Amino acid sequence: MRLMDYHVHTIHSFDGRQTVEELCARMLALGADEVCLTEHIEPGHPEPGVDRPPVWDDWLANIARAWEAFPTLTLRVGIEIGDNPLLRKETQALLDSLPLDFRLLSLHMVGGVDCYDAAVYYRGKTRAEAYREYAAAKAESVCAWEDFDSVAHIGYVARYAPYQMEPSERPLQHRDAPEELDALLRHIVRLDKCLEINTSGYDSLGCPMPHPSIIRRYIELGGTCFTFGSDAHTTDRDLKDIRRGMEEVRALGGRWCCSFEQRRRKVWRL
Ligand SMILES: [Zn+2]
Ligand SMILES: [Zn+2]
């Protein structure tokens with residue numbers, strides 16, 4: 001089993017709080033074999049300071065220095081694409097201009113509002129409405145893309161949901177939006193892309209993102225490939241619950257854990 005974290009942020013992301021060097025040192029100490037940086041891009045995000053991509057030359061130079069300093073860690077170059085339906089052409093052109101190993105397709109904004117902005121996003125919506133609206137937007141987003149490698153944190157909507165509910169009701173589950181989620185999962189399977197298991201969910205939701213019911217459905221529809229990411233922004237969360245996520249997916253019937261080099265996929269037995 002290869003220990004890999006395919007979703008991490010450094011100070012080159014607007015909200016990252018660890019340097020590339022701190023990340024690499026910590027990952028090596030934790031026994032990681034491979035790490036993929038997935039800095040944010042959030043084109044057209046309405047909140048000030050969020051649509052602030054890495055300074056590309058600085059970022060790439062920093063990565064080159066880390067390759068020298070940490071030769072025993074495989075460090076890959078990726079981007080977490082904050083999809084904005086209004087700016088897809090520009091986003092694609094930017095991605096094409098970068099020497100990326102990995103593209104992680106993500107969605108934080110629904111109808112122009114980030115689910116993170118709980119006071120605005122959930123206002124006037126029931127849990128069912130807010131979750132379904134998110135699932136519909138996530139399905140539209142994923143189905144609009146072909147050139148990506150893995151789909152990030154399905155169920156992001158639940159992380160900041162302000163509703164009074166049983167802890168087991170908090171995560172987005174397959175039954176919350178079966179049609180939308182099936183459309184999304186079928187698209188991933190048809191293109192033979194990966195489903196991300198975002199292990200930050202264990203602390204915030206009590207299960208990975210996506211919820212096991214969605215992972216199970218992906219496998220049922222023929223999905224076999226996964227990436228695993230802690231979504232760490234600080235060293236204390238690097239590699240957090242990655243082993244646990246891998247165990248859980250293996251128990252659900254998942255087969256492959258994937259890594260990427262210059263967009264070429266390698267598969268490792270789970
Ligand atoms: Zn994200
Ligand atoms: Zn992230």
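A quick word on what we are looking at. This is a predicted model, where local features need pLDDT of at least 70 and side-chain atom pairs count only at pLDDT 80 or more, while totals for chains, interfaces and linings use all residues. Residues are numbered from 1 along each chain as its sequence is written, and chains are lettered from A and ligands numbered from 1 in the order in which they are written.

Now the overall view. The protein chain has 9 helices and 11 strands; these are DSSP runs numbered from the N terminus, H or I with at least four residues for helices and E with at least two for strands. Its radius of gyration is 17 Å, close to the 18 Å that the globule rule gives for 270 residues, so the chain is as compact as a globular protein of that length. That radius is taken over C-alpha atoms, and the rule is 2.2 Å times the number of residues to the power 0.38. Along its principal axes, the C-alpha trace spans about 50 × 40 × 35 Å. Of the 270 residues, 46% are buried. Among contacts with a separation of 6 or more, 76% are between residues 24 or more positions apart; a contact means C-beta atoms, placed from the backbone, within 7 Å.

Let's turn to the sheet. In what order do the 9 strands of the open sheet run? They go S1-S2-S3-S4-S7-S8-S9-S10-S11, with mixed pairing. At the edges sit strand S1 (4-8) and strand S11 (264-269), each pairing on one side only. Two strands pair when DSSP finds at least two bridges between them.

Back to S9, our opening strand. Why do we call it largely enclosed by the rest of the structure? Because 5 of the 5 residues of S9 are buried. Strand S8 (residues 194-198) pairs with S9 (residues 225-229) in the parallel sense over 4 bridges. Leu-195 stands opposite Phe-226 in S9, and Glu-196 stands opposite Thr-227. S9 also pairs with S10, again in the parallel sense, over 2 bridges. There, the partner of Phe-226 in S10 is Cys-257. Lying across S1, S8, S9 and strand S10 (256-261) is helix H9 (residues 242-252), which runs at about 155° to S9. For such angles, axes are lines fitted to C-alpha atoms, for helices over the stretch in contact, and the angle runs from 0 to 180 degrees between N-to-C directions.

Met-4 has Glu-34 as its bridge partner in S2. S2 is mostly covered, with 7 of its 8 residues buried.

Next, helix H1 (residues 20-30). Which of its residues are buried? They are Val-20, Leu-23, Cys-24, Arg-26 and Met-27. Their cover includes S1, strand S2 (34-41), helix H2 (56-69) and strand S3 (74-82). Following H1 is Gly-31, with a positive phi near 90°. The axes of H1 and H2 come within 10 Å and cross at roughly 35°. Val-20, Glu-21 and Cys-24 of H1 make the contact with Asn-62, Ile-63, Ala-66 and Ala-69 of H2.

I'll finish with two loop residues. Leu-86 lies between S3 and helix H3 (88-96). Is Leu-86 buried or exposed? Leu-86 is exposed, with 12 other C-beta atoms within 10 Å. Its C-alpha atom is separated by 9.2 Å from that of Pro-43, 43 residues apart along the chain. Trp-145 is in the loop between helix H5 (127-144) and strand S7 (150-151). Trp-145 counts as partly exposed, with 18 C-beta neighbours inside 10 Å. Trp-145 and Asp-83 are 62 residues apart in sequence, and 9.5 Å apart in space from C-alpha to C-alpha.

Note on methods:
A residue is buried if 20 or more other C-beta atoms lie within 10 Å of its own, exposed if 12 or fewer, and partly exposed in between; C-beta atoms are placed from the backbone. Two residues are in contact if their C-beta atoms, placed from the backbone, lie within 7 Å.
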